[in-house]
Amino acid sequence: MSEPTNPHRRSRLIAATALIATLALTATACGDSGTKSGDEGKGQGKIVFWDNNGGVRTAVWKQIIAAFEKKNPDIKVEYVGIPIADVQKKYDTAIAGGGLPDVGGVGTAYLANMVAQNALEPLTDRIDGSALKGKLVTGMVTSVLAAGGDAKQLYEVPTSANQGTLWYRTDLFTAAGLQPPTTWAGLYAAADKLTDVESNKFGFTLRGGKGSIAQALEMMYAQSGIDTFWNGDRTTVNDPRNIAALEKYAGLYKKATPEADLNNDFVKMVAEFDQGSIGMLQHNLGSYTDHVKAFGKDRIDGIPLPPSTDGGVRTVVSNPVDGLGLFKSGTNKAAAWKFIEFAASAEMNSLWNESAGAIPANTGTAGDKWITDAKPTKAAMDSPNDPKTKIVQFPYYLPDWNSITKADSEPDFQKLLLGKTSAKDFADKLADKLNAAQADYKKHKS
Amino acid sequence: MTAALAEKGIRAVPPAGITPPRTARRRRRAVDDGTPRWQIYLPLGLYLLFTLVPFYWMLLFAVRPAGSTSLVPWPATGEHFAKVWNERSFGMYFQNSMLVGVATLITTTVVALCGGYALARFRFRGKSAFMLGLLCSQFIPGALMLVPLFEIFRNLQLINSLWSVIIAETVFQLPLSIILISGFIKNVPMALEEAAWVDGCSRFRGFCAVVLPVLRPGLIAVGSFAFVHSWNHFLFALMFLSSQDKQTIPVGLNTLIGADSVDLGALAAGGVVAAVPVVIVFAFIQKWLITGFSAGAVKG
């Protein structure tokens, strides 16, 4: 004879089963991913825009959005600022789980990753049919094409670029009787002369922590004069001339730089420089406003890194280009494209870049007063047009580029600064990883 | 007689105007077990210095005018605070963080109380496995669950709602909170509850009347832990909230660091705004917090 069933127990069992089933269904329910094909829409209504450098540029974006909405009263733009350090994570989560915006700020450093996930709309045809045709700086277009991994399609409209700049304190140089550091010999001599460790004064500050590799590569290629990243399928990173340049650069550590530079990310490095007792800093145009705030325009100047030899070729590396991407999953692409076109127009592009202290992508901005007034920006803009300037294109298209040059190699660079590894070993290890990543990329592409 | 008093822990106070003998003064410079006071205060002072210097640095940058290199916070300015509060919407972020923190505190405490009571007072099949599961869940980082959680919240229409953050924070806080609360409840003799039942109370009434008042230190410990954790947590707020007007303080702080430039004054002022509630919470509850954690640690 079977035991009589307890009615309370049975109802609890049913409730528990129902709850588990509901949770399981909820958890496994298929949402629309971020890669689904969206719709052109009616060219009106609401669009969502993610700013990939939220906070810092919020004010200028709100100004641009207000101007756009005034011109297009039937389109509303919802602005969302994303912290730059986490933008890739935010995009990746939305690509996997859905919820991408209509328009987003996209940098070439992670463009390939987003293109590979089929999240972005190709834009070449839209650009050709718009007022932007022929108005975008060729160098930036080339960089965006290379970074996207598709030689024919642009996956973002470039809006600005940055360039490595050698910032130096004009007042300290004048007081020490030094000429501006326009040659490598002059740079190293000045670093030495401006250093007085006992008085806590240093000639240079370098980046030993987060982001150190891009900075080191920039210094290596600028000194060596090697103007290509690849020699066939092998990288030129460990070319003996680059190794020699790296040795000199790393040799500055503790001799002409503070010991704390070992852990410098850009925030600490710029803050250290802006404290006022350091002569030179190699960063990019983006920190211009911080330096001016700290010293005023008269005590600071920025110039491109010196040419490899006096009067010789000046090698600059391709800094990430920032731009605007149109997302495939958007349901109002016509309105979203109108916004991109407007934001990349000469007037708005000039406004944005003036605020950011960066190089505008729209050629219509070239004669704007703020550019001629900001000497470092003007110098950085003129530099690529100089026939003696060669641009080394970094392989941002490699899916492993970020992990190789960040998590994998930054600890090794610190070992190099501490003298626990040699410049050759560091460069060889980095080169091996890059060569393997390139081979892998080509294998998957073919 | 003085020695006898000292043995009882009573210190003799010399009459006014009379200098105590040298031996007594020397004894006063030592603690009861004979350790000289400086051996306690010097390491404590050094540790305090080590802990407080970063806070001083943050305060210095927060009140120092832009461009100043002074090492003392004078002349002071409130421009950075005004900037983060008004221009950078920290007032709104503060309000959102407070909502998330208080709601997480309440939900975590209530659910942990129920779960902890069940674990402490009932015997059921799979209890040990459940406890083990709770402990193991502590090893799963939030980042790993990001995409599944994102999908669940999206299907529940909770993306861009503060509830998504509150639920996620509560879920991640619960295992440890349940284990702690169950430890506290085990410390309360069952006979107390039984006495309440004999007097005619239901289980719930008996729990409220007898057990709950004794649990105050434990509840404060668990609640404050939940509040502080959700106040400081960045990842869920960044991922689940999309509109600017829903963001919380940690996300706001991160937006003060740009790609190539950073406003250190505003960042420091934002840091002060973010730290103040946590400091106030700890200042008020530290007595209960220490009692609570040590009581929960005795029995598991």
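## Two helices of chain B

In this predicted model, helix α8 (residues 162-187) of chain B packs against helix α11 (residues 216-232) of chain B at an angle of about 165 degrees, and their axes lie 10 Å apart. Because angles over 145 degrees count as roughly antiparallel, α8(B) and α11(B) are roughly antiparallel to each other. The crossing in which α8(B) passes α11(B) is right-handed.

Which residues of α8(B) and α11(B) meet? From α8(B) come B:E169, B:Q173, B:S177, B:L180, B:I181 and B:F184, and they meet B:G218, B:A221, B:V222, B:A226, B:H229 and B:S230 in α11(B). Sorted by class, this contact of α8(B) with α11(B) has six nonpolar, five polar and one charged residues.

## A sheet in chain A

Chain A holds an open sheet of four strands, in the order β6-β9-β5-β10 and with mixed pairing. Its edge strands are β6 (202-205) and β10 (300-303) of chain A, each of which pairs on one side only, and the twist from one strand to the next averages 20 degrees.

Within this sheet, strand β5 (residues 164-169) and strand β9 (residues 278-284) of chain A run antiparallel and are joined by five bridges, with A:G164 standing opposite A:N284 in β9(A). Helix α8 (residues 184-193) of chain A lies across β6 and β9 of chain A, and runs at about 125 degrees to β6(A).

## Where the chains touch

Between the two chains, 36 residues of chain A are in contact with 30 residues of chain B. On the side of chain A that touches chain B, the elements giving two or more residues are α1 (7-28), β2 (75-81), α3 (87-97), α11 (266-274) and α12 (288-295) of chain A. By class, this side of chain A has 14 nonpolar, 17 polar and five charged residues.

How values were computed: Residues are numbered from 1 along each chain as its sequence is written. Chains are lettered from A and ligands numbered from 1 in the order in which they are written. This is a predicted model: local features need pLDDT of at least 70, side-chain atom pairs count only at pLDDT 80 or more; totals for chains, interfaces and linings use all residues. Two strands pair if DSSP finds at least two bridges between them. Axes are lines fitted to C-alpha atoms, for helices over the stretch in contact, and angles run from 0 to 180 degrees between N-to-C directions. Two residues are in contact if their C-beta atoms, placed from the backbone, lie within 7 Å. Ala, Val, Leu, Ile, Met, Phe, Trp, Tyr, Cys and Pro count as nonpolar, Asp, Glu, Lys and Arg as charged, and the others, Gly among them, as polar. Angles under 35 degrees count as roughly parallel, over 145 as roughly antiparallel, 65 to 115 as roughly perpendicular and the rest as oblique. A crossing is left-handed if the near helix is turned anticlockwise from the far one by less than a right angle, and right-handed if clockwise.
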